[in-house]
Amino acid sequence: METASKIWMDGKFVAWEKAQIHILTHTLHYGGGVFEGIRFYETPNGPAIFRLKEHLERLFYSASKLDMKVPYTKKELADAIIGLIKINNLRDGYIRPLIYFGYGKMGLDPRGCKVNVAIALWPWGAYLGDKPVKVKISRFMRIHPATTYADAKICGHYVNSILASLEIHEKGYDEALLMDYKGFLAEGPGENVFIVRKGTLLTPKLGTILAGITRLSIIEIAKDNKIPVEEKNIREKELLQADEAFYTGTAAEISPISKINNKKIGKKPVGPITFQLKEIFTKAIHGQLPKYKKWLTFVD
Ligand SMILES: Cc1ncc(COP(=O)(O)O)c(C=O)c1O
């Protein structure tokens, strides 16, 4: 992976290679931590962070579900992120804030554990590459909303994503798709999913998925451009009959899907609505559309 020079840990900037923790850190054993993935991009006015406010809100929401008392405010973490971008002197990259139960207590109830916060960032290109991706529906079901808070970004949830990724990469596919406990389409291991059917943009409704911030942005862009959008339950049959399909996510950005379970999706590898949305989104994150400047936090 690419690296940067400094990482923010509990209020201090430390050298990348010195950002270390104790082996008995609670979260390392049980997965009870929360995190975010945020991107910042080069714009004509210098680097800008995409939807920082929404990411920090989701981070604190996730922390609240584990009863974590975050020892910083959202404003303090926003300032830390801005300071970290400046100190690392990067123009674009991926930001990873992590709140975790620290060292000093074992046992499953984390209350009484120290709550630590770290923020790393580094240059990171398109997560799923630049080409349309070949997808397989995983045999693993997306986490059940009655066993956890499926809409929180909790570290332990990602074992479900790891298992699906291992399974489908082994078989030569690029990315997994997971169905929910009712058999409806849910999401990818780290992405939301959209399909296009007869000119309408369809995406799974909230409930068993992460409420993606890219998903929200794409829904807004589609509505602004008079593309009808429906959040609904989608069955496998409807998915496979899609005219277009794509993933959305901070890491993946907008990633067109060319095949699902070896079935070709649409006539072209990138369909016209996917192309249009991706183009507007790309301009928006790079500060080229005044309408969407509201989503950007400028670093300088
Ligand atoms: C499981 C899962 N779904 C969806 C997403 C997409 O969310 P966002 O667009 O907020 O990055 C992510 C990434 O954060 C994720 O991990």
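**Exercise 1.** Which exposed residues does the face of α4 turned away from its buried side carry?

*Solution.* The model is predicted: local features need pLDDT of at least 70, side-chain atom pairs count only at pLDDT 80 or more, and totals for chains, interfaces and linings use all residues. Residues are numbered from 1 along each chain as its sequence is written.

Step 1. Locate the helix (a DSSP run of H or I, at least four residues; strands are runs of E, at least two; both are numbered from the N terminus). Helix α4 comprises residues 158-170.

Step 2. Find its buried residues (20 or more other C-beta atoms within 10 Å of the residue's own; exposed means 12 or fewer, partly exposed in between; C-beta atoms are placed from the backbone). In α4 these are S161, A164 and I168. They line one face of the helix, because they fall within an arc of 70° seen down its axis, the arc being that of the directions from the helix axis to the C-beta atoms. An α-helix has 3.6 residues a turn, so residues three or four places apart point the same way.

Step 3. Turn to the face away from that buried side: V159, I162 and E170 are the exposed residues there.

**Exercise 2.** Identify what covers the buried residues of α4, and the residue with a positive phi just after this helix.

*Solution.* Step 1. The cover includes β8 (133-137) and β9 (175-179).

Step 1. Just after α4, G172 adopts a positive phi of about 90°.

Technical notes. The expected span of a helix is 1.5 Å times one less than its number of residues. Two residues are in contact if their C-beta atoms, placed from the backbone, lie within 7 Å.
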